[in-house]
Amino acid sequence: MSQAFTIDKFINEHFLLHNEFAQRLYHQFAANQPIIDYHNHLPPAEIQANRQFENLSQIWLAGDHYKWRAMRTLGIIENYITGNASDWEKFEKWAFTVPYTARNPLYHWTHLELQRYFGVEELLSQENAKSVYETCNEQLAQPGFTTQGLLSKMNVEVICTTDDPTDTLEYHRQFSLSDSSLQMYPAFRPDKAYSVENPSIYNTYLEKLEKQAGLKIQSYEDLLAALQSRIDFFHANGCRLSDHGLEQLVFFPTERFNIEKLFQSIRSGQSIQAEEIQYFKFKTLQALCKMYHAKGWVQQFHLGALRNTNTRQLSTLGPDTGFDSIGDFEQAKTLAGFLNSLDETDQLSKTILYNLNPRDNEVFATMTGNFNDGKIKGKLQFGSGWWYLDQIDGMEKQLNTLSNMSLLSCFIGMLTDSRSFLSFPRHEYFRRILCNLIGTDVEKGLLPADEAWLGKIVADISYHNAKNYFDFSLDNFQV
């Protein structure tokens, strides 16, 4: 493959910015804003330890199911993806894959990341894989390329990890005592606390929860007490957000089952029926959300993923390995019912709703307006393009829907939702797309060419709205 066309021919300073007004908006108002990454899956232990990765494969390919799916699609066997091949062999196969990802967001992300972190301005291919690998590995060995150094390089101010209620948060506590300008906070992810489909797995989880909460869980009220104890602990350690990954939010308008009897059945190892499982989730989530409200937390709901579709690969490789897809679950009615069940007692927290199926854009965007009561700016948020939707088309559709159905100016912006320390140029990607949309409207005469005002809106979406929405402060830690 010819390398005559280097990366700067298309990823240059005006990448994705198709007119002069868009370029000014990005470079003057968005590019230099700090990053508040309020949802990701980075391992806090590696941030606290300031890990130095041995090579590019370890930091770039391990755990990245986006890349894994592309490689499998191209016919690359699992040995070079999650198998026993060497780090170099895995990277070589990825480099072979990259030219074939044209028009997939991986093509842009790959070259943005190589350029922003390592200054590599070549188009990656199998032909230059060795030189790129060695160049990046040399830099990864330098002091500025540790986990904390990489985050600093991207001007990251705040990151929120994703943490189970049973987590000790020891790395967050240790990191809070450091002199780093980076702020790292936990986010409460209690999915396992109401996942009762398999009683054996659930009861094993409750044993861990008992240990961390310091109390026996013999009744449903004990379960809620244990969760409240962990919320108190998380709050004392800086947590100001919760997050939930669900197919859909469910709602029951009346007391359908005896929740204590359901709990005792589960504790005795008995499976319960599908509708009973849904009821248990509803009651537990509703109780949790009232606890969040009492703490002043933000709650996030990631809805619509169809997970673990391939049982053969699940049994071999485990979850989160690239076999999840967009689901087609009904959302609107039960989502409205769930939110209303909290709002009717004025116990609905700040809430961010993320949909995975783009057909639900208008549903989610209009749903947020149902529960804004004027007390908090942008109290309910239609979240940024998530997972399969965090690409140009998905982001533009989310931004356009938000603009049409609500107020774009109140939006709290982008997040990485990533397990990779090299994923933070996605914030740049989002900001460029945002500026191009607004700049294009100006060029078409749909918006006035008021650079100062539109620039303020861009800066707010890029940084200030999130800064004001979340209660992030080093004073949050009570270690």
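A crossing of two helices is called left-handed if the near helix is turned anticlockwise from the far one by less than a right angle, and right-handed if clockwise. In this predicted model, helix H6 passes helix H7 in a left-handed crossing. Residues 105-118 make up H6 and residues 129-140 make up H7, and the two pack at an angle of about 45° with 11 Å between their axes. That angle makes the pair oblique. On the H6 side the contact is made by Leu114, Tyr117 and Phe118, while H7 brings in Val132, Cys136, Gln139 and Leu140. Sorted by class, six of the residues in this contact are nonpolar, one is polar and none is charged.

H6 also packs against helix H18, and here the crossing is right-handed. The axes of H6 and H18 come within 9 Å and cross at roughly 115°. From H6, the residues involved are His108, Trp109, Leu112, Glu113, Arg116 and Tyr117; from H18, they are Pro425, Arg426, Glu428, Tyr429 and Arg432.

Most of H18 is covered, with 16 of the 19 residues buried. Just past the helix, Gly445 takes a positive phi of about 80°.

One of the residues in H18 is Gly439. Its relative accessibility is 0%, so Gly439 counts as buried, the cut-off being under 20%. Leaving aside residues up to four places away in sequence, Gly439 touches Asn19, Phe21, Ala22 and Leu25. As for Asn357, it sits 82 residues from Gly439 in sequence, and the two C-alpha atoms are 27 Å apart in space.

The next partner of H18 to describe is helix H19, residues 451-469; the two axes come within 11 Å and cross at roughly 155°. With that angle, H18 runs roughly antiparallel to H19. The crossing of H18 and H19 is right-handed. Phe430, Arg431, Leu434, Cys435, Ile438 and Val442 of H18 meet Leu454, Val458, Ile461 and Ser462 of H19. By class, that contact has eight nonpolar residues, one polar and one charged.

Most residues other than glycine have a negative phi, and most peptide bonds are trans. Leu169 has a positive phi, near 60°, without being a glycine. Leu169 lies in the loop that runs from strand E2 (156-160) to helix H9 (170-176). Its relative accessibility is 3%, so Leu169 counts as buried. Trp387 is another non-glycine residue with a positive phi, about 60°. The loop that holds Trp387 lies between strand E9 (380-382) and helix H17 (392-405). Trp387 has a relative accessible area of 9%, so this residue is buried.

Notes:
Residues are numbered from 1 along each chain as its sequence is written. This is a predicted model: local features need pLDDT of at least 70, side-chain atom pairs count only at pLDDT 80 or more; totals for chains, interfaces and linings use all residues. Side-chain values use heavy atoms; hydrogens and water are left out. Buried means under 20% relative accessible area, exposed over 50%, partly exposed in between (1.4 Å probe, protein chains only). Helices (H or I, at least four residues) and strands (E, at least two) are DSSP runs, numbered from the N terminus. Axes are lines fitted to C-alpha atoms, for helices over the stretch in contact, and angles run from 0 to 180 degrees between N-to-C directions. Angles under 35 degrees count as roughly parallel, over 145 as roughly antiparallel, 65 to 115 as roughly perpendicular and the rest as oblique. Contact means heavy atoms within 4.5 Å. Ala, Val, Leu, Ile, Met, Phe, Trp, Tyr, Cys and Pro count as nonpolar, Asp, Glu, Lys and Arg as charged, and the others, Gly among them, as polar.
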